[in-house]
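I opened a notebook page for this structure. My plan is to write down what I look up, in order.

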Amino acid sequence: MDFSFTEEQHRFRRDVREFLEEESEKGALEVRSNYFIETSSPEFSRKLASKGWLGLTWPKEYGGADRSYIDRTILMEELMRYQAPLMYHFFGERQIGPSLMHFGTEEQKSEFLAKIINAEISFCLGMSEPGAGSDVAAVKTSAREEGDYYIINGQKTWTTHAHNADYVWLLAVTDPEGPKYRNLSEFIVDIRAPGVEVRPLYNMIGVHSFNEVYFDDVKVHKKYLVGKKNKGFYQMLAQVDYERAGIERLMQNYPLFENLKAHVRNSPLSSDSLVRDRLAQLEIEFQVGRLLVYHVAWVIDQGRIPNYEAAVSKTFCTLYEQRLGNMATEILGEFGHVMPGFEGTPFKGDAAESYLWSPSYTIQGGTVEILKTVIATRGLGLDFKER
Ligand SMILES: Cc1cc2nc3c(=O)[nH]c(=O)nc-3n(C[C@H](O)[C@H](O)[C@H](O)COP(=O)(O)OP(=O)(O)OC[C@H]3O[C@@H](n4cnc5c(N)ncnc54)[C@H](O)[C@@H]3O)c2cc1C
């Protein structure tokens, strides 16, 4: 197996890094852990679009560059090094666009794809509800047919960046009497439509990155039903492997890791055998995680759905990110608990913030327990049997 990048890929990485270095010098980037997920910047997304770096893997007929997932991972790796603000285009470019290409009507494709790739519109994902997360097929939000429209009622929760989005990609019940998994459909809903209300949720750091979204008799034209009615659950499954696959699951705290290594290198801690051991262990885990992520990209480039591989990669990478947050606060001692804004806070409070962010890493996009079930069943063939 050849683990090396091609000359063209090295050149691409250098181009991206050069661009980010310039942006950083201009003050357009704030290199701080978790900044990427906290921040939506239409301006920055449009800069990436103008470089042709949105929709890198999309086919040319939809405005993409038809390049490989390895290339996309190179791009994302460099963007994550700088924690570039990506949330404005993130969901649209990563999974909504590809879903529309697969399941959308020609009218939907021409209405949305070009706008996504040019960073003119932003999407959020309306799947989870208070009683439906891991078991997302338990959603209660309903879409009732009435003439040319569906009438939507219900509540979504943990909806990341709904407060910055133009549209919500919604999973709703279209056949209340139908069997589980075969009673759901996907819709595109204008977030400013009458009856939609977005309410902020603050995480324990005090950051507003997700929301509750309420739907009260919201009228959605039937042309915004995506794919086949009552097949929404199966359509959604095709999306989640791509959601789990990316290098952002490994590098949300990359600035913290770099700062921590530099801090130890330049202090007497560099002679402490326990600290040396811990940092070396983190380095091993980071390198293994990176290989897993590139392996997933390679699997996608072979034309396969990275079901089991993405579950392995996301589980490993998110647990590594948690251990990084834990170890950073341990190594820094009492300074590791100081939040941003206080005098003497190491690394702008990255350690404390990462520690507080870290429980969510193993929940969002599928919990570790669910991913291990995917690995056990799809990877290892361990089906449940009658005892
Ligand atoms: C930061 C963040 C951002 C998010 N953004 C979005 C978003 O944009 N859009 C969206 O729709 N959702 C979003 N989510 C929601 C996320 O997808 C759910 O939180 C996740 O799927 C888990 O669902 P839950 O919270 O309902 O927990 P539950 O499903 O209730 O799980 C609770 C616990 O039980 C365990 N468990 C559940 N079922 C099983 C089982 N069968 N076997 C073993 N253990 C099990 C879980 O692993 C977990 O430990 C986000 C979540 C977070 C933390």
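How many nonpolar, polar and charged residues are in the shell around the ligand? I sorted the shell by class and got six nonpolar, eight polar and one charged residues. I note here that I am working with a predicted model.

**Entry: the shell.** I listed what surrounds the ligand and found 15 residues. The closest are S134, W158, T160, T367 and E369.

**Entry: polar atoms at the ligand.** For T367, a polar side-chain atom is 2.6 Å from an oxygen atom of the ligand. For T160, an N or O atom in the side chain is 2.7 Å from a nitrogen atom of the ligand. For M127 the backbone takes part: one of its polar backbone atoms is 3.0 Å from an oxygen atom of the ligand. I then looked up the cover: on its own the ligand has 970 Å² of accessible area, and the protein covers 64% of that.

**Entry: the domains.** I turned to the domain assignment of the protein, which gives three entries: domain 1 (7-88), domain 2 (124-231) and domain 3 (245-379).

**Entry: domain 1 and domain 2.** I next looked up how this pair meets. Their centres, taken over C-alpha atoms, are 29 Å apart. In contact are six residues of domain 1 and six residues of domain 2. I wrote down a buried area between them of about 440 Å², and carbon and sulfur atoms give 61% of it. On the side of domain 1 that touches domain 2, I noted three nonpolar, two polar and one charged residues.

How many salt bridges does the rule find across the interface of domain 1 and domain 2? I found zero. For polar contact across this interface I noted one residue pair, with both residues at pLDDT 80 or more.

Conventions. Residues numbered from 1 in each chain as written. Predicted model: local features only at pLDDT ≥ 70, side-chain atom pairs only at ≥ 80, totals over all residues. Heavy atoms only, no water. Domains from an automatic or database assignment. Contact = heavy atoms within 4.5 Å. Buried area = accessible area lost by both parts, 1.4 Å probe. Salt bridge = Lys/Arg side-chain N within 4 Å of Asp/Glu carboxyl O. Polar contact = N/O pair within 3.5 Å; in protein donor to acceptor, adjacent residues only side chain to side chain. Nonpolar A, V, L, I, M, F, W, Y, C, P; charged D, E, K, R; others polar. Near = heavy atom within 4 Å. Areas by Shrake-Rupley, 256 points an atom, 1.4 Å probe, with all protein chains shown as cover.
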